[in-house]
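Morning, everyone. I have one structure to show today, and I will keep it brief. Let me put it on the screen.

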Amino acid sequence: MKAIQLLKISLAILVLVSGLFGCATTQTAPPVDDQAKISSADMAQESEVMGVQDQPLQSENVPSHEMIAGMERIHFNFDQFTLSAEARQTLGQNAKYLNANGTVQVVIEGHCDDRGSDEYNLALGESRALAAKSYLVSLGISAKRLSVISYGEEKPLDNSTGEAAWAQNRRAEFKAVR
Amino acid sequence: MRFWIVSLALFLTLLPGPVLAVTEIEISAPGEQSIPLALTRLIAHEGPQADQFAAEFNEVLNADLDLAGLFHFVDPAAFLSDAQRLGLFSNQVDFSQWRLLGAETLIKGTYTLEGEELKVEARLFDVINRRLLTGRRYVGKVKDVRRMAHAFADQILKELTGEEGPFSARIAYISNQTDNKELWLMDVDGKRPIRLTDHRSIVLNPDFSPRGKEIVFTSYRAGNPDLYRKEIYTGSEAKVSYQQGLNIAGRFAPGEREIALTLSKDGNPEIYLISTSGRISKRITDNWGIDSDPSWSPDGDRIAFISNRQGNPHVFIADVFSRETTRLTRRGNYNATPAWSPKGDRIAFTRQQAGRFDIFTIAADGSDERRLTFGSGNKEHPRWSPDGRFLVYSSDAGGNRAIYVMRADGTGARRLTTLESDCRHPAWSPRW
């Protein structure tokens with residue numbers, strides 16, 4: 001009799017236990033520790049990034065200055081802004097043109113080939129333009145007529161690669177300010 | 001008495017397996033250890049089936065976790081019945097099935113689609129110890145599914161390594177897709193590109209503010225390389241620095257209140273600090289040579305930059321307070337574009353050798369130089385992810401220049417942008 005009572009009690013415990021812990025496939029009674037590790041995120045709360053609408057393409061670049069027929073461009077060696085003998089000769093010709101055309105205002109553009117850091121090349125392009133400007137000033141051209149801008153490697157003459165293209169692109173150009 | 005013992009024994013065996021020895025999963029660096037992961041596809045909890053969202057979530061998460069380099073994936077073709085079962089609580093998952101496949105970690109999730117609203121529940125389980133590691137519930141629109149997956153990838157890395165992933169961030173870059181170089185923004189996997197500027201001129205070299213709400217960049221819009229600042233959410237834009245000559249290579253200080261940049265107003269490029277309104281607060285370099293490309297140490301005390309003051313371009317480090325300058329790189333004869341890791345320990349840079357640029361890193365004290373990239377193409381413009389795990393850079397190995405990403409040790413490189421346009425100057429945003 002006592003044994004049967006014990007059996008009943010233990011069966012009751014069994015039912016209780018299985019009710020508490022469930023079996024692996026029960027869909028209810030999630031363990032509390034799971035919930036503590038789950039967080040929520042509302043993706044709609046983030047602001048939208050303001051993009052630019054696609055607009056019909058018409059090239060509206062900052063008006064590039066005009067080439068001056070009487071002024072030749074000069075070229076440089078890689079990572080250099082010193083003026084070669086050839087460059088000095090060209091600059092001498094350019095100075096003659098400027099002396100003969102006393103009202104022309106010139107912007108000297110410095111350019112690089114596309115090798116190297118973009119920022120370093122912007123600096124290098126400026127150094128090239130400034131070297132050309134200094135030399136023209138030393139030949140008697142007023143500094144007030146000469147301004148400089150560097151385009152670094154942004155405006156190559158020749159888009160291909162190889163020494164011929166690179167040599168073309170390492171240059172200073174002389175353009176009329178409009 | 002015997003019944004008591006039997007029922008007690010039954011009682012004990014019915015208890016869920018007591019966690020006796022909990023082994024933590026420890027990973028410190030990519031590539032050190034590879035955890036077998038079973039990545040199951042989201043299943044519809046209720047509401048209509050929308051397999052394309054489940055597939056997209058899976059694809060994004062897979063790519064992010066693959067790049068992370070911490071996992072190898074259990075072949076989905078081998079998955080058993082539990083991959084199709086809904087239960088997401090740890091007592092509902094049949095871990096023995098996953099153990100059988102050799103998986104040590106498991107990702108399961110469900111989605112609910114109601115009109116345009118998408119709810120995703122995703123969970124990461126420790127298969128060995130049969131427990132939930134982390135779970136997330138995302139509510140958003142259908143179009144947010146990729147962001148949900150990136151966010152969960154970030155969460156997984158946080159749970160397993162203690163440091164959140166960088167996948168919810170964005171990458172700003174310069175593309176000439178509209179024929180002009182403009183500023184663009186994309187997800188870190190190269191998807192969802194969006195154009196931010198319409199200058200129709202030349203836009204260069206973006207950098208994010210430390211909180212990611214703003215970008216500075218250089219533009220020739222007004223006929224001179226000036227520095228601009230743009231608010232990402234409002235789209236509003238202002239010229240910050242427009243000194244005569246160069247206003248380039250702007251980099252926000254870690255404190256967000258100052259910007260380091262290169263100015264050439266005195267006829268020679270030097271590094272300056274300016275306020276976010278453009279007022280010059282300090283000159284950092286003073287040298288006859290070219291000084292450019294500043295990159296802040298994460299504590300804001302030092303700035304790495306490039307200078308040709310000793311002949312060839314090399315990386316130098318200046319102390320912001322004393323302005324004392326030391327040379328960092330000793331090898332090579334053309335080193336450029338330093339990028340200080342957000343962890344502070346290493347500096348990435350490019351070096352030209354044998355006519356080609358490759359990416360290197362060096363310890364901030366000048367020791368332990370390592371080459372990260374090899375093979376064809378010029379690799380340039382390295383920038384770190386906000387957690388220092390990855391480097392984003394540009395390479396022309398595929399013909400046109402494109403944006404690539406790799407792990408900080410140089411492994412796992414992959415292209416992010418198409419080869420249809422020229423893309424360069426990537427910058428990884430802070431956590432979004």
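Start with the pairing of strand β4 of chain A, residues 106-111, with β6(A): antiparallel, over six bridges. One of the pairs to look at is His111(A), whose bridge partner in β6(A) is Arg171(A). Keep in mind that this is a predicted model.

Now the other neighbours of β6(A). Strand β2 of chain A, residues 66-67, also pairs with β6(A) in the antiparallel sense, over two bridges. There, Met67(A) sits opposite Lys175(A). Then comes strand β3 of chain A, residues 74-75. β3 and β6(A) run antiparallel, joined by two bridges. Opposite Ile74(A) you find Ala172(A) of β6(A).

So much for partners. Is β6 of chain A mostly covered or mostly open? Mostly covered: the strand spans residues 171-176, and six of its six residues are buried.

Which residues point which way from β6(A)? Arg171(A), Glu173(A) and Lys175(A) go one way. Ala172(A), Phe174(A) and Ala176(A) go the other way. All of them are buried. In general, side chains in a regular strand alternate between the two faces of the sheet.

Last, confidence. For the complex, the predictor gives an ipTM of 0.82 and a pTM of 0.87. Chain B has an average pLDDT of 91, and 93% of its residues score at least 70. Residues 1-31 of chain B are another matter: pLDDT stays under 50 there. For that stretch, the model has 37 contacts beyond four places in sequence.

That's it from me. Thanks.

Notes: Residues are numbered from 1 along each chain as its sequence is written. Chains are lettered from A and ligands numbered from 1 in the order in which they are written. This is a predicted model: local features need pLDDT of at least 70, side-chain atom pairs count only at pLDDT 80 or more; totals for chains, interfaces and linings use all residues. Side-chain values use heavy atoms; hydrogens and water are left out. Buried means under 20% relative accessible area, exposed over 50%, partly exposed in between (1.4 Å probe, protein chains only). Helices (H or I, at least four residues) and strands (E, at least two) are DSSP runs, numbered from the N terminus. Two strands pair if DSSP finds at least two bridges between them. pLDDT is the predictor's confidence in each residue, from 0 to 100. Contact means heavy atoms within 4.5 Å.
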